[in-house]
Amino acid sequence: MLKEKVLKALNEQVNAEQYSALLYLSMSAWFEDKGLPGFANWMYVQYQEELTHANKIFKYVVERSGKAEVKAIKQMPADFESVLDVVEKTLEHEQYVTELINNMVDVAVEARDHATQSFLQWFVDEQVEEEANVTEILDSLKLIEGEGKGNGLFMLDRELRQRTFIGTTQTAE
Ligand code: FEO
């Protein structure tokens with residue numbers, strides 16, 4: 001049985017992951033509109049991944065006999081200043097999610113809930129990868145900015161087109 005504080009934190013995280021999913025779907029739509037299908041694809045895969053994160057926590061709550069909650073999701077932004085702006089906001093958002101995950105681990109430790117601590121370790125590791133992936137794109141973009149965009153942006157867009165969603169490993173079930 002989950003303690004009240006742990007249950008609350010997990011349910012709030014389901015909502016945060018669902019928000020993340022829709023934020024990235026919104027970014028994907030923005031990239032499509034700007035004629036950057038590779039960036040749009042990368043964001044769409046990100047959207048799919050975030051849904052698996054939300055569902056993974058949802059299922060864990062149910063498995064531990066907790067009452068899973070489905071809450072309203074706040075409005076996500078739809079307009080951005082530039083490609084760089086979107087990628088910077090993505091990194092900021094992932095850093096924020098890392099904070100949320102770390103806070104959840106603290107709650108689980110305080111509650112002496114070892115099962116939840118163990119469950120959350122996957123998310124702790126995932127955040128390292130999430131931040132690294134976005135940082136890599138951000139670094140490439142900054143290089144391109146220094147070289148006068150055009151061709152570099154086209155090449156990066158082509159590269160990001162290659163990303164595919166791998167459901168089974170992302171859910172790690
Ligand atoms: Fe579910 Fe991108 O963290």
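Hi everyone. Let's start with a crossing: helices α2 and α3 cross in a left-handed way, meaning that the near helix is turned anticlockwise from the far one by less than a right angle. Helices here are DSSP runs of H or I with at least four residues, numbered from the N terminus.

A word on the source: this is a predicted model, where local features need pLDDT of at least 70, side-chain atom pairs count only at pLDDT 80 or more, and totals for chains, interfaces and linings use all residues. Residues are numbered from 1 along each chain as its sequence is written, and side-chain values use heavy atoms, with hydrogens and water left out.

Back to our pair. The axes of α2 (residues 37–63) and α3 (residues 83–110) come within 13 Å and cross at roughly 20 degrees; axes are lines fitted to C-alpha atoms over the stretch in contact, with angles from 0 to 180 degrees between N-to-C directions. The two helices are therefore roughly parallel, the word for angles under 35 degrees. On the α2 side, the contact (heavy atoms within 4.5 Å) uses Phe39, Met43, Gln46 and Glu50, and on the α3 side Val83, Val86, Val87, Thr90 and Glu94.

A cavity is a set of points on a 1 Å grid over the protein atoms alone where a 1.4 Å probe fits but cannot get out; a pocket is an open set with protein on both sides within 12 Å along at least five of seven lines, and lining residues have an atom within 4 Å of a point. Volumes are the space filled by probe spheres set on the points, which are joined across faces, edges and corners.

The largest pocket has about 280 Å³ of space. Of its 17 lining residues, Glu12, Gln13, Ala16, Tyr96 and Leu100 are the closest to its centre. Which helix gives the most to this lining? That is α1, spanning 4–33, with nine residues.

Finally, the second largest pocket holds about 160 Å³. Helix α4 supplies the largest share here, four residues.

Conventions:
Angles under 35 degrees count as roughly parallel, over 145 as roughly antiparallel, 65 to 115 as roughly perpendicular and the rest as oblique.
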